Amino acid sequence: KRVFKYLNSTLDCCLRYSKDSNTVLSFLVDSDYAADVSDSKSYCGIVASFGGACILAQCIKQPVTALSTVEAEFYAIAAGVRAEAYLRQLLEFLYAAEVCCTTIGCDSQGAIRFAENPVSNSLVKHIRVRYSYVRDALQEEVVKLKFVPGAENTADLLTKALGSVKQLQFCKRLFNYYDLKF
């Protein structure tokens, strides 16, 4: 019912991809810590943009129970790096050109610091493999991490319940759509 209501309210809108606009692959990731009340697992949202509009919007239930918000956000970063590797290969195949360094935006400074600077203690030992994957991508300069304030992180649309104004604002930004009515 809600899907049809949404579709009916956006009949005059369309997506706009432009070859002249930003052709850099960029990501936003977010996590909703312990959102599932049945098993306390977190959800992560991944949004990828290319050509000025969204090419991937994904919400994933994390396979492990995160012990902190930083850990949940770090898992979202790791999921973003994996999605980036797939989309990079796809775009390089389609465009027969190398994709430059991808920016992954996250609203957790703690998760960004953890990804960029290894901390070696028993509290984070269980995420060593994912950390190594992200760290390798950072060292090879395939991706770079950037802080994005929560109010500007459109991946929130996939992980949290938002008010109608914020939801519409994020949808417009995420899908780069515009009203066909002049």
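User: Buried means under 20% relative accessible area, exposed over 50% and partly exposed in between (1.4 Å probe, protein chains only). Is phenylalanine 74 buried or exposed?

Analyst: This is a predicted model, in which local features need pLDDT of at least 70 and side-chain atom pairs pLDDT 80 or more, while totals for chains, interfaces and linings use all residues. Residues are numbered from 1 along each chain as its sequence is written, and side-chain values use heavy atoms, without hydrogens and water. Phenylalanine 114 and phenylalanine 74 fall into one class: both are buried.

User: What geometry does the aromatic pair of phenylalanine 74 and phenylalanine 114 have?

Analyst: The structure holds one aromatic pair (ring centres within 6.5 Å; planes under 30 degrees apart are stacked, over 60 edge-to-face, the rest tilted). Phenylalanine 74 and phenylalanine 114 form this pair, with 5.0 Å from centre to centre and 90° between the planes. The geometry is edge-to-face.

User: How many residues apart in sequence are the parts that this pair ties together?

Analyst: Phenylalanine 74 belongs to helix H2 (residues 69-95), and phenylalanine 114 to helix H3 (residues 109-116). Helices (H or I, at least four residues) and strands (E, at least two) are DSSP runs numbered from the N terminus. The pair therefore ties together parts whose separation in sequence is 40 residues.

User: Which residue of E4 is the bridge partner of isoleucine 46?

Analyst: Strands E3 (43-50) and E4 (53-61) run antiparallel and are joined by eight bridges. Together E3 and E4 form a hairpin with two residues between them. The bridge partner of isoleucine 46 in E4 is glutamine 58.

User: What is the phi of glycine 51 in the turn of the hairpin?

Analyst: Glycine 51 lies in the turn between E3 and E4. Its phi is positive, at about 70°.

User: How far apart in space are glycine 52 and valine 24?

Analyst: Glycine 52 lies in the loop between E3 and E4 and is partly exposed, with a relative accessible area of 30%. In sequence, glycine 52 and valine 24 are 28 residues apart. Their distance in space, C-alpha to C-alpha, is 8.5 Å.

User: What is the relative accessible area of leucine 90?

Analyst: Leucine 90 lies in helix H2. Leucine 90 is partly exposed because its relative accessible area is 33%.

Methods:
Phe/Tyr/Trp six-rings, centres within 6.5 Å; stacked < 30°, edge-to-face > 60°. Pairing = 2+ DSSP bridges.
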